[in-house]
Amino acid sequence: MAGYQSMIPIHERDQHVIAAAHHILKALGATKNLSDDMRKILSDLDVHLSIMSNGGFIEVEKRLKRAEVKVLSWESSQTMIWDSGSREVSEYLEAVVEIQTVKQSLGGLSLIENGKVKECLYRANSVLQMAMSRLEEELVHILVQQKQYSEPEYMSFHSCQEDIVYDESFVSVEEETYQRVSQNTDDVSGEHIVELVNPHVIPDLKTIANVMFASNYDKEFCEAFIGVRKEALNVVIVGMEKYSIEDVLKMKWCTLSSEIKKWIWEMKNIIRVYLVSEKQLCNKILGEFGSVSSFCFVEIGKATLLNLLNFGEAVTMGSIRPEKLFNLLDMYEVLSDLVVDIDSLLFEEMGSYVRIEFHELLRKLGNYARATFFELGSAIVSDTCLKPLPGGGIHPLTRYVMNYIKALIIYDHTINMLLEDQEEKDCSITCQFLLITSSLECNLHKKSKLYKEDALSYIFLMNNIHYMVQKVKNSELRLFFGDEWIRKHNGKFQQHATSYQRATWSSLLSFLSPVSSSILKATTPKERCKEFSIAFDEVYKNQTQWSITDPQLQEDVCIANLQVIHAYRSFLGITRITDKHIKYSVDDLEKLLLDFFKGSRRSSHRR
Amino acid sequence: MPATTEYQGSFLGRISIRRNQVMNMDGNHDQELEDIELFQRHIADRFADLLSSSQQQPSSEEASTPAAAVDPFLSINWLRKLLDVFLCCEAEFKAMLIMGRDPSQISKPPLDRLIPEMLDRAVKALDICNAVTNGIETVRHCQKLAEIAVTALEQKPFGDGQVKRAKKALNSLMMAMTGEDKEGGSYTRTWSFGRRGSAAAASNKDRGHLHLRSHTWSVSKNWSAAKQIHAMTANLQAPRGNEASGLASPVFIMSTVIVFLMWTMVAAIPCQERNGLATHFPVPKQLVWAQSMIALHEKIGEEWKKKEKKGSVGLLDEMQRLEKSAHSLIEFADNFQFPAEEERVEEVAAHMAEVADTCRKMADGLVPLQMQIREVFHRIVRSRTEILDVLESTGKVSAPIV
């Protein structure tokens with residue numbers, strides 16, 4: 001009790017000191033040559049002193065009380081402040097600022113031991129906690145309610161479209177064209193900033209950030225902000241299912257191929273649209289707080305990006321098969337396109353881990369694509385079969401290889417880039433194309449040896465080389481192969497056509513020869529005519545089964561075959577064999593010759 | 001054991017030099033046996049180190065004087081050591097398996113079966129690495145929440161406001177810790193919406209939406225860490241008879257090391273679907289090189305059994321510490337009345353110091369841990385590719401190996 005009584009005089013003495021200090025401050029403040037810093041110190045002191053003086057402290061208490069009432073009034077309310085109009089919002093924020101001011105001025109007091117001041121400070125802290133907790137909820141509420149995102153429009157992905165499908169026998173290849181994914185998605189070729197939250201709430205979010213940061217509640221703000229935004233970003237990529245690496249490695253190629261197309265789309269979409277927008281959102285709200293903005297951005301985007309990169313990793317772990325090349329080139333192209341974006345999004349130290357992962361995947365994809373490109377050569381060499389292709393038509397391997405390289409043209413720049421990286425195996429895509437076609441020719445020659453009849457193996461070579469020439473001539477491939485190659489190969493298939501003529505007709509023509517060869521000396525024209533007919537029947541039976549798919553080429557060969565007609569006509573003219581000994585008239589023969597190579601019709605519809 | 005460092009550095013060099021000699025001498029078995037023995041000794045030594053460091057666990061936690069620089073068992077730093085051990089073993093193993101070796105040797109029985117099995121484990125391990133890396137994000141979230149609590153109670157003297165702030169953060173922390181495995185792991189972000197439970201019907205809808213979508217797993221929904229570990233262990237069998245002296249032995253050892261590492265990480269770090277994580281370790285006790293590993297396995301297994309039922313957050317030392325301190329602090333906060341009793345304040349200060357210390361360790365160690373796991377990931381990928389390349393060159397593997 002005695003202690004309590006003695007406190008009063010001390011308190012009174014304080015008041016005297018405070019009054020004296022006020023006077024001194026005023027006198028000092030009147031001095032003209034004061035630095036700004038000095039002035040600040042003096043004005044702070046003034047505030048402190050006014051709190052310490054009895055009347056001032058009461059004023060402070062009143063202010064706190066008012067703010068407290070405001071904060072408490074919302075505690076029991078079911079509605080959100082930001083849903084209740086701007087007046088409510090600004091009143092609430094004013095209250096929070098009041099508390100902060102009170103807290104700061106009280107906290108700076110040396111008279112913290114003073115029971116009243118202490119209690120007041122505790123109360124301020126308590127109300128501040130209430131308000132901050134509330135603001136955190138309001139923040140989450142606004143972020144969730146005002147979230148905006150345009151549902152991304154997906155391209156339609158066929159689960160297994162007519163790609164260049166490779167299987168052991170190269171059979172399932174037709175004249176399809178490979179659709180390059182990256183070209184179809186040009187809609188996201190540039191940065192495209194979208195509003196991730198309704199733009200009119202940005203100032204509100206910024207205000208909440210400022211207030212929470214000023215109250216040292218920055219961690220709460222960041223965790224809440226990161227949490228909501230991270231979920232939002234996660235929702236964006238629901239279009240792509242999440243796969244484990246094991247899933248990807250076990251996936252059938254056609255499924256994987258369509259997943260890759262989604263991935264490519266997703267990659268562009270996430271980086272060029274969502275991450276760019278996300279970074280902008282972070283900057284708008286947190287730009288004033290230095291590295292906090294980029295910290296939040298990295299935290300929001302990291303997991304999503306890493307998940308996408310992991311899918312890429314899984315793809316590069318698969319076996320090397322030529323048919324994968326197009327997808328791999330697409331993947332490589334999209335990543336090398338996006339490198340600039342990633343480098344600028346994650347240029348700071350915080351995102352470097354993800355950035356490095358991105359570069360690493362790009363490097364791996366490059367290596368993988370290059371190895372896959374070279375794999376075509378080995379696949380051609382190792383494509384062996386024991387049975388000849390019936391009819392001597394165009395071999396699936398020829399179709400496959402030519403369509404394959406034709407489809408690669410659009411990637412020439414990328415492939416050249418990949419080939420440049422390689423030191424030993426130099427030379428450009430052109431050179432690689434020439435290597436590929438010459439090993440294809442080599443393989444075709446081997447395959448032609450499988451035929452028992454020479455004539456058929458010539459037809460086979462003629463058909464296939466003609467096909468190669470046509471593919472080159474009628475596409476951009478001609479720019480790579482050049483006129484010289486085309487001329488040379490025109491010559492080649494024509495040579496095979498000539499060889500075919502000779503192989504087919506030379507023995508038959510010998511029956512019709514006016515000068516009898518030594519073997520046929522004994523025979524009469526009648527017999528020779530009969531033998532010719534028998535031999536022709538044999539040729540007819542065979543060659544109507546053979547195929548020449550190209551109508552023009554078929555016509556050319558048939559016309560060349562008409563030389564037999566001339567020989568036959570003159571043979572009949574010279575020998576004057578009576579009609580009853582003639583099996584075929586000239587007209588008959590001409591008609592029959594036109595039936596040749598019709599096998600092509602049937603076989604071409606075989607598919 | 002002191003000899004460990006002596007040959008660690010030169011191991012790869014020795015292998016390759018010897019291998020060249022061996023090649024000329026047409027398969028000298030003695031050299032190979034010596035290599036294998038050396039490998040086994042290194043395994044034994046490295047795990048013995050890990051075991052001994054985990055036995056020196058400071059029993060008096062408060063007395064963690066500067067001298068006690070030992071990393072606690074299953075702490076972040078301890079895990080990083082384990083990852084280092086793995087990386088070393090892996091490098092040695094690969095050198096022994098493929099460096100300078102005639103590829104046909106590793107495509108013969110029983111390796112033609114054992115190596116694909118090992119590669120299959122490698123792929124599963126990669127998915128576990130990703131799941132664990134993801135789990136570390138949860139741990140980091142917990143760290144952030146704990147830091148809030150520290151910030152709050154750091155201010156002295158603290159009153160109702162600070163205590164409430166800390167309590168809110170700690171409650172979120174506990175939710176983040178225990179929310180695991182529910183709804184496919186929607187715990188990555190747990191919001192304390194609680195108080196305004198009925199807020200508005202509209203926002204309720206969104207809240208549910210938020211929770212449903214909130215799993216940020218790196219892998220597919222049905223993926224389960226426990227199942228993966230089980231699959232990795234299922235066909236793990238110690239080589240017997242003649243096989244035990246050949247290359248089958250290091251293949252088994254390496255598989256064991258990888259299974260042990262993955263299992264430990266899954267047990268330590270929050271991870272998708274750990275229910276029913278097996279504690280069986282199919283390694284015969286008589287194998288000398290495996291002694292320390294088996295001992296560690298038993299130790300971790302016991303811990304796991306103890307904690308599993310409580311919806312454990314994982315055995316990571318730092319998380320366990322946070323959990324313990326958080327419990328006490330929440331209890332304190334629940335009964336808090338202003339002004340705090342002096343005694344209680346001291347108690348709280350001790351807990352806060354512990355939490356602050358743990359947060360510091362997490363801040364220092366979690367990101368490097370994540371990066372190290374990524375390094376392991378890349379290493380496994382690379383080795384798998386290299387081994388496949390060797391197998392491919394023998395032409396024996398035509399079908400792609402998963």
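Figure 1. The model shown here and in the following views is a predicted one. B:Ser53 belongs to helix α3 of chain B, which covers residues 29-55. When residues up to four places away in sequence are not counted, B:Ser53 touches B:Val70, B:Asp71, B:Trp78 and B:Lys81.

**Figure 2. Overall make-up of chain B.** Chain B contains twelve helices and zero strands. Its pattern along the sequence reads α-α-α-α-α-α-α-α-α-α-α-α. Chain B has 402 residues, of which 57% count as buried. Among the contacts in chain B with a separation of 6 or more, 79% come from residues 24 or more positions apart.

**Figure 3. Packing of helices α14 and α16 in chain A.** A pair of packed helices is described by the angle between the axes and the distance between them. Helix α14 of chain A (residues 396-408) and helix α16 of chain A (residues 429-448) pack at an angle of about 175°, and their axes are 10 Å apart. The two helices are therefore roughly antiparallel. From α14(A), the residues A:Leu397, A:Thr398, A:Val401, A:Met402, A:Ile405 and A:Leu408 take part in the contact. From α16(A), they meet A:Phe433, A:Ile436, A:Thr437, A:Leu440, A:Asn443, A:Leu444 and A:Lys447. Sorted by class, the contact of α14(A) with α16(A) comprises nine nonpolar, three polar and one charged residues.

**Figure 4. Contact between helices α7 and α8 in chain A.** Helix α7 of chain A spans residues 202-214, and helix α8 of chain A spans residues 218-236. Their axes come within 7 Å and cross at roughly 145°. On the side of α7(A), the contact involves A:Leu205, A:Ile208, A:Ala209, A:Met212 and A:Phe213. These residues meet A:Asp218, A:Glu220, A:Phe221 and A:Cys222 of α8(A). The contact of α7(A) with α8(A) consists of seven nonpolar, no polar and two charged residues.

**Figure 5. Aromatic pairs in chain A.** Over all chains, the count of aromatic pairs comes to 27. One of them is the pair of A:Phe326 and A:Tyr411, with 6.2 Å from centre to centre and 55° between the planes, a tilted arrangement. This pair links distant parts of the chain, 85 residues apart. A:Phe326 lies in helix α12 of chain A (residues 325-345), whereas A:Tyr411 lies in the loop between α14 and α15 (412-420) of chain A. Both residues are buried, A:Phe326 with a relative accessible area of 1% and A:Tyr411 with one of 0%. The pair of A:Tyr451 and A:Phe460 is also tilted, because its ring planes stand at 50°, with the centres 5.3 Å apart. A:Tyr451 counts as buried at 8% relative accessibility, and A:Phe460 is buried with a relative accessible area of 1%.

**Figure 6. A cluster of aromatic rings in chain A.** Ring pairs link A:Tyr500, A:Trp505, A:Phe532, A:Phe536, A:Tyr540, A:Tyr568, A:Tyr584, A:Phe596 and A:Phe597 into a cluster.

**Figure 7. Arginine residues over aromatic rings.** B:Arg165 of chain B lies over the face of A:Tyr217 of chain A, at 3.5 Å from the ring centre. Within chain B, B:Arg374 lies over the face of B:Phe377, at 4.3 Å from the ring centre.

**Figure 8. The loop residue A:His581.** A:His581 is found in the loop between α21 (563-575) and α22 (586-593) of chain A. Its relative accessible area of 31% makes A:His581 partly exposed. Apart from neighbours within four places in sequence, A:His581 is in contact with A:Lys526 and A:Cys529. The C-alpha atoms of A:His581 and A:Leu512 are separated by 15 Å, and the two residues are 69 residues apart along the chain.

**Figure 9. The helix residue A:Gly482.** A:Gly482 has its place in helix α18 of chain A, which covers residues 477-512. A:Gly482 counts as partly exposed, at 22% relative accessibility. From C-alpha to C-alpha, A:Gly482 and A:Val472 are 8.9 Å apart in space, and they are ten residues apart in sequence.

Note on methods
Residues numbered from 1 in each chain as written. Chains lettered and ligands numbered in written order. Predicted model: local features only at pLDDT ≥ 70, side-chain atom pairs only at ≥ 80, totals over all residues. Heavy atoms only, no water. Helix = DSSP H or I, 4+ residues; strand = E, 2+ residues; numbered from the N terminus. Buried < 20%, exposed > 50% of the residue type's maximum accessible area, 1.4 Å probe, protein only. Contact = heavy atoms within 4.5 Å. Axes fitted to C-alpha atoms, helices over the stretch in contact; angles between N-to-C directions. Parallel < 35°, antiparallel > 145°, perpendicular 65-115°, else oblique. Nonpolar A, V, L, I, M, F, W, Y, C, P; charged D, E, K, R; others polar. Phe/Tyr/Trp six-rings, centres within 6.5 Å; stacked < 30°, edge-to-face > 60°. Lys NZ or Arg CZ within 6 Å of the ring centre and 35° of its normal.
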